[in-house]
Amino acid sequence: MPAPISAPRPPRATRLLRRAPAVVATLAAVLALAPWGGAGCKSREGLTVGAYLSMTGATADFGTQTKRGFDMAFEDVNHAGGVRGKPVSLVVLDTQGKADEAGNAVTRLIDVEGAVAVLGEVASSLSLVGGRICQRKGVPMISPSSTNEAVTQIGDQVFRVCFIDPFQGYVMARFAADHMHYTRVAVFRDVRNDYSVGLARAFVDEFRRTGGQIVAEQSYSAGDTDFGAQLTSMKSAAPEAIFIPGYYGDVGNIARQAKRLGLQATLLGGDGWDSPQLREIGGPDILGSYYSNHFAPDNPSPRARSFIARYRQRHGEPPTSLAAQGYDAAMMLFDAMRRAPELTPRAIRVELAKTRDFAGVTGVITMDPATRNPIKPAVVLRVAPGGDVFETTVEPVSADTLAAAADATPDRIADPSRQRPSGGGLGVFFQQLVNGLSAGSIYALIALGYTMVYGVLGLINFAHSEVFMMSAFAGFYCANWLGYRQGLPFPIAAAFAVLVFAMVAAALLGVTIERLAYRPVRNAPRLTPLITAIGVSLLLQNLGVFVFSATPRSFPSIVAESRFEIGGVVITNVKLVIFGVSIALMIGLDRFVKKTWTGKAMRAVAVNPDGRAADGRPRRPHHLAVTFALGSALAAAGGVLFGLDQTKIEPMMGVLIGLKAFVAAVLGGIGNIPGAVLGGLLIGLAEQLTAGYLSADYRDAITFVILVGVLLFRPQGLLGVVRQEKV
């Protein structure tokens, strides 16, 4: 019997490429599960104190600043011999800014690491999660900076070293009325953030009690990038100031967009503004704004001056209140541990409640034993070019005084000043159209990449949104390398260079993804390429966090900003650049696909994937690479224009925007290039009109309502056609 003929073994390079999808998925899983932000290890000797902070995510700078304060306090106590001769170690776990991660972190700190006390979190919404676990397990917790009054209401195990939102709202309302003499103020709050909602409520109550009028109230959600619809509505109400109780990343972006719309109102805020990133993201548009805080960097007390000098020597910049409060929280804990008869969670909790006249770097702290809130003053700071400047001090008031003030305020719901302004007319409507077309142009550019790849390959490239993100960072670094922050002699040519560089970099990334991840599984069952696409997306997301960090960045102004007004409608040159570049690229793509030989061949492959050229060679691999390159380059243009318009970029920016662009492609008819453009523009307009005339809370929801409607009533999309397949 003849020996069986064995197939020749594929070359080594081919074997490696076939393993690429598995490697990509493995790397994505490793990066997704990696504990970014760092954690300590369990102490084998001495005492262990746990801390949970957002070391990655949208508020990573808060966690970084607070941990710096913790580190200095632990170094000081251990340098002095520890607590009763025992060294104290710190274990820090990253919450990633997520509630479920906060709960997991606190559980691990107590059950696994054996922490006798817990420090954290900074965000009130996460402290509410961690505080409940500490209360249930009988371990004291001190929050350095969570100001929502509900945090310490959890139970007798939960303390803080910062003042609470009712007092902070009282401070800023009094500052607006008594110090600035404002009578008309708008409020812009993060509707999904306990801190922001509570602070806004306190401000509204006290400002109305002074006789002031709240002329408009708008909302957004943390992570939003486009605030044009809400700001347009507020502009029509003509406020003298806008109170924004949000976090620095969103506030800086809001300040930039408000000035572009011609809103001249003074911006006011709370301690969530306290970050060096505020001036970087907000640029000159945030200067002259005011916010309440727990600590002034020019504090004259000897203890504060010593802390500031040591911090500056170590980190090269003055400390924020987050660092100062982190230091005070840890030092107050050590003070209670020294006074406790035994170093157990129960004994430490009792001594924390007895804290009196503790000399911290943020001031003298006395703990209210009933509420476990500190009695301390607040400061108001002015945002200035070289750093925040002390403006005034507001002395503490009792909880009873704040409660009486709230009770004396007329019912909020019945107050006509809370109603949405009915004016604005056509000017507001056309402003919303301009805003919507600008956002829709960016969605359209990204949607074109989805629709091109699907039209030729039949694949939904879920990594496309991360190509958009990566290209925005490519443009960011190119602009900084060219020196945009110092000014350029030929700005137009340099801006063009930034755009071209980002598009070329994205094209190379797209081709690499196609070659390493998608081509080896081209003939596999359809589920395999889909899983590979998700793996590539996760890989790039986490690679972005690892390389660029989670801290938001301010995209350089590569176009000198100017604006003009027509009939109350503000049109900026940035919007005109977005329209012009988007239209030029869309027309160029249309001409390329319809008029060039390569474009015609791509269309032929889309219709007949198994077709061959005249010489018998397959067309497909070459044209797939071109398709990925073009689609990625268009996403890069969208990334640069997005950074130019919305100013703030960060590694997770592509997730929601990519989903919306995908919905735009489906709406227009996925695989149809004109349909992708139409879908993007319609999604942009729908979002702006919904946010401007209904509520910003439904801005994202309307996109997916449209998707469901399309799938139910016209699954092929507006311009798509029904294709019949033989079976």
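Analyst: Buried means under 20% relative accessible area, exposed over 50%, and partly exposed in between (1.4 Å probe, protein chains only). By that scale asparagine 148 is buried, because its relative accessibility is 10%. The model is predicted, so to speak of local features takes pLDDT of at least 70 and side-chain atom pairs take 80 or more, while totals for chains, interfaces and linings use all residues. Numbering runs from 1 along each chain as its sequence is written, and side-chain values use heavy atoms, without hydrogens or water.

Where does asparagine 148 sit? Its place is the loop that joins strand E4 (141-143) to strand E5 (158-160). Helices (H or I, at least four residues) and strands (E, at least two) are DSSP runs, numbered from the N terminus.

One of its polar atoms lies 2.9 Å from the backbone nitrogen of alanine 150. The backbone oxygen of aspartate 194 also lies 2.9 Å from a polar atom of this side chain.

Now widen the view to contacts (heavy atoms within 4.5 Å). Beyond its neighbours within four places in sequence, asparagine 148 touches Ser124, Arg160, Asp165, Asp194, Tyr195 and Gly198. Two of these names lead further. Asp194 is the residue whose backbone oxygen was given above. Tyr195 belongs to a cluster, where ring pairs link it with Phe62, Tyr247 and Tyr248.

Rings of Phe, Tyr and Trp (its six-membered ring) pair if their centres lie within 6.5 Å; planes under 30 degrees apart are stacked, over 60 edge-to-face, the rest tilted. The model holds 24 such aromatic pairs. Phenylalanine 175 and tyrosine 290 form a tilted pair, because their ring centres are 5.1 Å apart and their planes meet at 55°. Phenylalanine 175 comes from helix H6 (residues 165-179) and tyrosine 290 from strand E10 (residues 290-293), so this pair ties together parts 115 residues apart in sequence. Phenylalanine 175 is buried at 2% relative accessible area. Tyrosine 290 is buried too, at 11%.

Another tilted pair joins phenylalanine 307 and tyrosine 327, with 4.9 Å from centre to centre and 45° between the planes. Here helix H11 (residues 302-315) supplies phenylalanine 307 and helix H12 (residues 321-339) supplies tyrosine 327, so the parts tied together are 20 residues apart in sequence. Phenylalanine 307 has a relative accessible area of 1% and is buried. Tyrosine 327 counts as buried at 5%.

Now the chain around these sites. Its secondary structure comes to 24 helices and 19 strands. Of its 727 residues, 57% count as buried. Take the contacts between residues at least 6 apart in sequence: 73% of them join residues at least 24 apart.

Finally, confidence. pLDDT is the predictor's confidence in each residue, from 0 to 100. The chain averages 84, and 85% of the residues score at least 70.

Technical notes:
Polar contact = N/O pair within 3.5 Å; in protein donor to acceptor, adjacent residues only side chain to side chain.
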